[in-house]
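Dear colleague,

As promised, I am handing over the structure we spoke about, with the sequence alongside. Please open it first, and then read the notes below next to it.

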Amino acid sequence: MSSSIVHVILTGGVGSRLWPLSRKSQPKQYLELFEGKSLFEMTVERNSHLVNQVMVVGNVDNCHLSKKVLEKTQTTYINIVEATPRNTAAAIAFAAFAAAPDAILIVTPSDHIIDEMDAYNSAITEAIAKAQKDYIVTFGIVPTKPETGFGYIEYQDDAVLSFREKPNKATAVDFISRGNFLWNSGMFCFKAKVLLEELHQFEPTVFEKAQAAWKANQEGQLNLDLSMAIPSISIDYAVMERSKKIKVVASAFNWSDLGSFESVYDYLLNQGHPVDDQGNMVIGTDVFSTFIGLKNTIFVSTPDANLILQKEQSQDVKYIYNQLEKENSQLLL
């Protein structure tokens with residue numbers, strides 16, 4: 001009997017680098033920017049033909065947004081609602097506890113954009129085959145440029161030699177020139193029990209506290225006090241960087257985490273979104289807007305806030321977000 005295949009969608013991020021489009025009440029994965037669809041909806045659709053079951057790990061602030069999309073797409077799903085964010089090790093552990101031990105989980109963020117479905121499907125098929133042999137599989141993306149906004153995986157064949165943090169420009173250029181580095185996509189595939197065994201070995205406290213919180217769940221809703229006791233650790237640090245069972249699938253599909261306005265700009269440009277002769281783009285309004293003496297500028301308009309930025313400075317939007325957070329600003333809600 002073939003294992004059940006479960007698509008686990010992680011929906012926790014706030015998308016601070018896409019403020020003012022992305023807000024706490026409407027994070028980037030729910031913005032219907034893509035021909036009337038959101039990234040979350042596209043994530044659900046992309047995997048629907050590959051899996052038997054869908055699980056959504058969300059939080060109290062966004063689970064109603066997920067519900068709306070899943071009802072729209074008529075997707076039945078298992079709902080796991082975190083009381084408080086405890087990072088990806090806990091989020092993935094909850095999904096593994098909720099699944100049958102032999103079920104194969106395909107874990108994906110909800111806010112990435114992927115094209116070239118043939119390459120994607122073959123990467124997933126390859127990962128499932130490795131997961132059936134009790135490996136924990138991570139997906140590395142063949143890089144197209146020396147990107148500083150992503151972590152990297154150094155690899156040989158399907159073996160992971162090392163995980164690297166987001167590099168500076170010179171290091172990223174070096175990685176690309178060496179030819180055996182992949183972007184770390186944050187997507188994984190494994191049997192539920194294998195992941196839990198490894199988590200138990202390397203981070204027993206995360207395992208035990210997450211298990212206690214899961215056992216006390218009420219229809220998928222987790223208890224706040226039990227959740228607060230779980231150490232906040234990423235799955236990369238907890239398991240991926242330490243386990244001997246890791247394999248990587250080098251994947252050639254088009255992938256972006258749309259983590260900045262620069263990547264949104266590149267995507268929209270590819271889709272035929274208008275720019276002027278100097279590469280300036282307007283997002284979010286049909287009001288006539290024009291640029292004089294500016295190049296590669298993005299104007300982002302929302303009813304209560306506008307952002308004007310140089311495309312190349314896109315990573316700095318998070319500083320505005322952090323400043324507004326310090327001021328407890330209504331503009332983040």
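Two residues are said to be in contact here when heavy atoms of theirs lie within 4.5 Å. Please keep in mind throughout that this is a predicted model, and that each value below was computed from it.

I begin with K28, which sits in the loop between strand 1 (5-10) and helix 1 (39-48). Is K28 buried or exposed? Its relative accessible area is 7%, and because buried means under 20%, K28 counts as buried. Once its neighbours within four places in sequence are set aside, K28 is in contact with V14, G15, L18, S22, L39, D111, D257, L258 and G259. One of these residues, L258, is 230 residues away from K28 along the chain, yet the C-alpha atoms of K28 and L258 are separated by 8.9 Å. The backbone oxygen of L258 lies 3.0 Å from a polar atom of the K28 side chain, and the side chain of K28 also makes a polar contact, at 3.5 Å, with the side chain of D111.

Leaving out residues up to four places away in sequence, T11 touches Q29, Y30, F40, V56, V57, G58, N59, N62, S66 and S110. P20 is found in this loop too, and the peptide bond that leads from W19 to P20 is cis, with an omega near 10 degrees.

Apart from its neighbours within four places in sequence, K130 is in contact with Y135, V137, D158, K247 and V249.

Next come the helix pairs. In general, two packed helices are described by the angle between their axes and the distance between the axes. How do helix 3 and helix 6 cross, and at what angle? The axes of helix 3 (residues 87-98) and helix 6 (residues 192-202) come within 9 Å of each other and cross at roughly 130 degrees, which makes helix 3 oblique to helix 6. The crossing of these two helices is left-handed. From helix 3, I92, A93, A96 and F97 take part in the contact, while helix 6 brings in A192, L195, L196 and L199. By class, the residues of this contact of helix 3 with helix 6 are 8 nonpolar, with no polar and no charged ones.

For helix 1 and helix 2, the axes come within 10 Å and the crossing angle is roughly 45 degrees, so that helix 1 is oblique to helix 2. Helix 1 passes helix 2 in a right-handed crossing. Here F40, E41 and V44 of helix 1 meet S66, V69, L70 and K72 of helix 2, and the contact of helix 1 with helix 2 is made up of 4 nonpolar, 1 polar and 2 charged residues.

Q74, in the loop between helix 2 (63-72) and strand 3 (78-82), has a positive phi of about 55 degrees although it is not a glycine, and with a relative accessibility of 73% Q74 counts as exposed. D134, which is not a glycine either, has a positive phi of about 70 degrees. The place of D134 is the loop between helix 4 and strand 6 (136-141), and with a relative accessible area of 31% D134 is partly exposed.

Last, helix 10 (residues 261-270) has several buried residues, namely F261, S263, V264, Y265, Y267 and L268. Helix 10 is followed by G272, whose phi is positive, near 90 degrees.

Note on methods: Residues numbered from 1 in each chain as written. Predicted model: local features only at pLDDT ≥ 70, side-chain atom pairs only at ≥ 80, totals over all residues. Heavy atoms only, no water. Helix = DSSP H or I, 4+ residues; strand = E, 2+ residues; numbered from the N terminus. Buried < 20%, exposed > 50% of the residue type's maximum accessible area, 1.4 Å probe, protein only. Polar contact = N/O pair within 3.5 Å; in protein donor to acceptor, adjacent residues only side chain to side chain. Axes fitted to C-alpha atoms, helices over the stretch in contact; angles between N-to-C directions. Parallel < 35°, antiparallel > 145°, perpendicular 65-115°, else oblique. Left-handed = near helix turned anticlockwise from the far one by under 90°. Nonpolar A, V, L, I, M, F, W, Y, C, P; charged D, E, K, R; others polar.
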